[in-house]
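Hi,

Here is the two-chain file I promised to pass on.

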Amino acid sequence: MTTQKPKLAMYWAASCGGCEVSLANIHEAILEVDAHFDFMFCPCLLDTKKKDIEALPDGDIFLTLFNGALRTEENLEMATLLRRKSRLFVAFGSCAATGGIPALANHHGIADVLETAFCSVPSIDNPERLIPGTTCQVPDGELELPAFLTRVLALHEAVPVDYTMPGCPPESEQIIAVVRHVASGAPLPPSGAQIGCTDRAVCDECPREKRTTLASRLIRPFEALPEPGWCLVEQGFLCVGSSTRGGCVALCPTANMPCTGCYGSLDQSADPGATALATLVAAVDPGSAVGVDETALLAGLKDALSGVADPLGTFYRYSLSETVVADRAKEVE
Amino acid sequence: MSCQTLPTEQTAETSSANVTPGPLRIVAFLCNWCSYAGADKAGSNQLPVPSELSVIRVMCSGRIEPPLILEAFQKGADGVMVLACHPGDCHYKEGNIRAFCRAELLQNLVPQLGIDPKRFRFDYVSAAEAEKFSRITNEFVDKMRSIRL
């Protein structure tokens, strides 16, 4: 059935499906989506195929929500195809926006990733150490798999992106707000804008009380029970809400879970992880250095900071593909 | 079913591959009150200071934000030094302690990002320590040269 409604597409590349779940979580508002849009492509929910997209004229899809990072050549091919067929191309979710969890694989080489996934994880039984290759001979002929890209890319690194909608996943309320805005015909934000989020930190929405004290040391979530209602950072928890964009109504800190930074860095101009590091370290009490033995003071500070057991995992959890040194040849593993 | 061996990773072009390396580039952030004064004194005492050092004078080591250090690496620095006042000597009371805290975490982060941790050094140089400035800068540059070769 043909329809005059603008076309809406959603695609997943290297992603977990959580973005689709978040879309499904808009519940009955999905009827509103259907009223305004012809929701015509979404491999998770609909049966449209790639060839149907290829058959469309360029720019025929009004809005594409592209989630997932680019891990394989197939991801890249679909990103290029959907970009060409779409008028508004949105990097949807942390993975498409800044690499997300899949980009943490950039910490290791491809060989290491394959070795872990197919040989060494405890749940794997692979005595012959078979690892999928790009081509494979079977009795019926040759099978092909798309190759890995050298590193996991955020969407904007491969194709032009009109808007970025962060979140892991983007909150359902934000999704429906964006859909309503687009459907209303109201003026769209300038190209390149971050949508479905705020320009303020998660702290701005966080209900926890700030007592303007400094943390004596940084602690990991298992080390202590947070005191209800008191800022997690001031208690020493590794909450990166102060350097993270809001829009999630501080769901995690409200539920006693330190913010892990899924809405992305507030400061788009600087390295995301290094910014988060600087912000969190500023919450630690430096103490007084006057009249104190230098060695003892520094040993105390080292201990106070030992709660950051994994700086990369803490500060770049969703943004490793965005680090300024991403393209630098690795010297150490 | 036959399966392939591991695909060989694309090897990134390294500077050592048949290319004459350019001069070393070392970025040294010096605090105005102690380390820069120490560097100045090293100059007036005619102590050797490596020519590869690009000195950036800042008001306080606490001003060096971690993104600046990573950007120095991104733009091709072979090594980055942050030199501060000794604890207790900071003109702004605690700037150097904050710098220490950042450096402590950066020291762990830098290798995770694939950069040799030897390329980043945080140390203390007071206004009187011209000899120390000369020694540690020469040591650092020598080390960078040995890593590269």
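Starting with chain A, there is an open sheet of 5 strands in the order S2-S1-S3-S5-S9, with parallel pairing. Strands here are DSSP runs of E with at least two residues, helices are runs of H or I with at least four, and both are numbered from the N terminus. Two strands count as paired if DSSP finds at least two bridges between them. The edges of the sheet are S2 (38-41) and S9 (163-165) of chain A, each pairing on one side only. Neighbouring strands are turned by 25° against each other on average, direction ignored. For angles, axes are lines fitted to C-alpha atoms (for helices over the stretch in contact), and the values run from 0 to 180 degrees between N-to-C directions.

Before you go further: this is a predicted model, where local features need pLDDT of at least 70 and side-chain atom pairs count only at pLDDT 80 or more, while totals for chains, interfaces and linings use all residues. Residues are numbered from 1 along each chain as its sequence is written, chains are lettered from A and ligands numbered from 1 in the order in which they are written.

Back in the chain A sheet, S3 (residues 61-67) and S5 (residues 86-92) of chain A run parallel and are joined by 6 bridges, with Leu63(A) opposite Leu88(A). Helix H4 (residues 73-85) of chain A packs on this sheet and touches S1 (7-12), S3 and S5 of chain A, its direction making about 135° with that of S5(A). Contact means that the C-beta atoms of two residues, placed from the backbone, lie within 7 Å.

Chain A is divided into domain 1 (7-101 + 150-184), domain 2 (111-149) and domain 3 (202-322); the bounds come from an automatic or database domain assignment. The centres of domains 1 and 2 of chain A, taken over C-alpha atoms, are 29 Å apart. Their contact takes 10 residues from domain 1 and 4 residues from domain 2 of chain A.

Chain B has its own open sheet, 4 strands in the order S2-S1-S3-S4 with parallel pairing. S2 and S4 (120-124) of chain B are at the edges with a single partner strand each, so one side of each has no neighbour in the sheet. The twist averages 20° from one strand to the next. S1 (residues 26-31) and S2 (residues 53-58) of chain B pair over 6 bridges, and the chain gets from S1(B) to S2(B) through helix H1 (residues 35-44) of chain B in a right-handed β-α-β crossover (clockwise from first strand over helix to second, with the strands pointing away from the viewer). H1(B) lies across S1, S2 and S3 of chain B, at about 110° to S1(B).

Now the interface: 46 residues of chain A meet 36 residues of chain B. On the chain A side, H10 (294-305) of chain A gives the largest share, 6 residues. That side divides into 31 nonpolar, 9 polar and 6 charged residues (Ala, Val, Leu, Ile, Met, Phe, Trp, Tyr, Cys and Pro are nonpolar, Asp, Glu, Lys and Arg charged, and the others, Gly among them, polar).

One helix pair to look at there: H9 (272-281) of chain A packs against H3 (residues 95-112) of chain B at about 145°, with axes 10 Å apart. Leu277(A), Ala278(A) and Val281(A) meet Cys101(B), Arg102(B), Leu105(B) and Leu109(B), which divide into 6 nonpolar, no polar and 1 charged.

Cheers
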